[in-house]
Amino acid sequence: VKFYLNECINDLELDNYHNYTGIALSTPPNAVTMDSSVEIFEFEYAARAEFGSYLDANLNYFQAGTKTILLHSFFNVNTTGGVYLDVEDHHVLGAQGCTDVKQNEGKLPSVVGVYVWWLANSTYQECAKSTNAIPSCTFTL
């Protein structure tokens with residue numbers, strides 16, 4: 001499964017990432033430019049589910065030039081094909097996720113994406129317009 005980030009908040013620098021379930025086939029980029037569309041990860045699902053999950057991971061990016069975490073994301077794909085995607089901080093960031101399959105219908109997604117923007121001065125529509133479309137990401141989370 002490929003994970004994409006369309007970020008419209010700031011230039012970012014990688015702090016760390018962890019996957020608890022599943023195998024990381026690629027690692028996230030060290031830097032992400034504002035208004036960009038990037039593949040963050042590619043994962044292989046775990047051979048067997050652990051605690052109901054085939055994939056469980058998180059990701060942290062600093063605001064560029066600082067040691068302040070600006071973007072924290074947690075994601076999980078469970079045995080029903082349901083995706084849980086959380087982007088923090090809910091008070092200042094908006095986030096809209098998408099996949100290439102309908103939720104909880106037994107099929108695991110091959111694409112998961114998220115658009116992230118400032119709540120104070122932007123919208124999902126503006127972020128989507130300023131970034132490339134996430135490939136095959138047709139079902140919203």
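Helices (H or I, at least four residues) and strands (E, at least two) are taken here as DSSP runs and numbered from the N terminus. The model is a predicted one, in which local features need pLDDT of at least 70 and side-chain atom pairs count only at pLDDT 80 or more, while totals for chains, interfaces and linings use all residues. Residues are numbered from 1 along each chain as its sequence is written, and side-chain values use heavy atoms, with hydrogens and water left out.

Ala 46 is buried, its relative accessible area being 13%; buried means under 20%, exposed over 50%, and partly exposed in between, using a 1.4 Å probe and protein chains only. Setting aside neighbours within four places in sequence, Ala 46 touches Thr 21, Gly 22 and Tyr 54, where contact means heavy atoms within 4.5 Å. From Ala 46 to Ser 110 there are 64 residues in sequence and 14 Å in space, C-alpha to C-alpha.

Stepping back, the protein contains one helix and 11 strands. Read from the N terminus, its elements follow the pattern β-β-β-β-β-β-β-β-β-β-α-β. The strands are arranged in sheets, and two strands are said to pair if DSSP finds at least two bridges between them. Strands of a sheet pair through backbone hydrogen bonds, either parallel or antiparallel.

Two of the residues facing strand 6 illustrate the pairing: Tyr 17 has Leu 59 as its bridge partner, and Asn 19 has Ala 57. Strand 6 is largely enclosed by the rest of the structure, because nine of its 11 residues are buried.

Strand 6 also pairs with strand 7 (residues 69–78), again antiparallel, through nine bridges. Here Leu 55 lies opposite Val 77 of strand 7. The hairpin of strand 6 and strand 7 has five residues between the strands, and Gly 65 in this hairpin adopts a positive phi near 85°.

The other open sheet has six strands in the order 3-5-1-10-9-11, with mixed pairing. Strand 3 (23–26) and strand 11 (139–140) stand at its edges; each has a single partner strand, so one side of each is left without a neighbour in the sheet. Strand 1 (residues 2–8) and strand 5 (residues 36–44) are antiparallel, with six bridges between them. In this pairing Glu 7 faces Ser 36 of strand 5.

For the protein as a whole, the radius of gyration is 14 Å, which agrees with the value near 14 Å for a compact globule of 141 residues. That radius is taken over C-alpha atoms, and the globule rule is 2.2 Å times the number of residues to the power 0.38. Along the principal axes, the C-alpha trace spans about 40 × 30 × 25 Å. Of the 141 residues, 43% are buried. Among contacts between residues at least 6 apart in sequence, 58% join residues at least 24 apart.
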